[in-house]
Amino acid sequence: MLVLKLQRIGKKRQAHFRLVVGEKRAKLNGRQLEYLGWYDPGANKMVFKKERVLYWLGQGAQKTDTVRDLLLTAGVIKAS
C-alpha cells in the first residue's frame with residue numbers, strides 16, 4: 001500500500017521534513033518513490049507539488065494524519 005508520509009531531515013533540534021510517497025512498510029529513510037515537497041515547522045513554511053500530490057491520491061495512496069492536516073492547511077486538499 002502506498003502512503004504519503006513525512007521524512008525527517010535536518011540537524012538535531014532543527015527538524016525539517018520532506019513529503020514523500022512510498023510503501024507503507026518501507027523504512028522511512030529508505031528508498032521512496034517520489035519527493036513531493038517540504039515542511040519547516042520552525043518557520044511554519046511549507047511547499048508542496050499540488051499536481052503530484054493529487055495524482056498520487058488519485059492512484060489510491062493513503063495519507064498519514066499529520067500529512068492530511070498539513071495538506072488541509074496548505075490548501076492542497078479540501079476537508080471532507
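Is Tyr39 buried or exposed? Tyr39 is buried, with a relative accessible area of 16% (buried means under 20%, exposed over 50% and partly exposed in between, using a 1.4 Å probe and protein chains only).

A note before the views: this is a predicted model, where local features need pLDDT of at least 70 and side-chain atom pairs count only at pLDDT 80 or more, while totals for chains, interfaces and linings use all residues. Residues are numbered from 1 along each chain as its sequence is written, and side-chain values use heavy atoms, leaving out hydrogens and water.

**View 1. Phe17 and Tyr39 form a stacked aromatic pair.** Their rings sit 6.4 Å apart, centre to centre, with 25° between the planes. (Rings of Phe, Tyr and Trp, the last by its six-membered ring, pair if their centres lie within 6.5 Å; planes under 30 degrees apart are stacked, over 60 edge-to-face and the rest tilted.) Phe17 belongs to strand S2 (residues 16–23) and Tyr39 to strand S3 (residues 34–40), so the pair ties together parts 22 residues apart in sequence. (Strands are DSSP runs of E with at least two residues, helices runs of H or I with at least four, numbered from the N terminus.)

**View 2. Tyr55 and Trp56 make an edge-to-face pair.** Here the ring centres are 5.3 Å apart and the planes meet at 75°. Tyr55 is partly exposed at 36% relative accessibility, whereas Trp56 is buried at 13%.

**View 3. Helix H2 (residues 65–74) has Val67, Leu70 and Leu71 as its buried residues.** These cover an arc of only 100° around the axis, which puts them on the same side of H2 (the arc is taken from the directions from helix axis to C-beta atoms). The face turned away carries the exposed Asp65 and Thr73. Just after H2, Gly75 takes a positive phi of about 80°.
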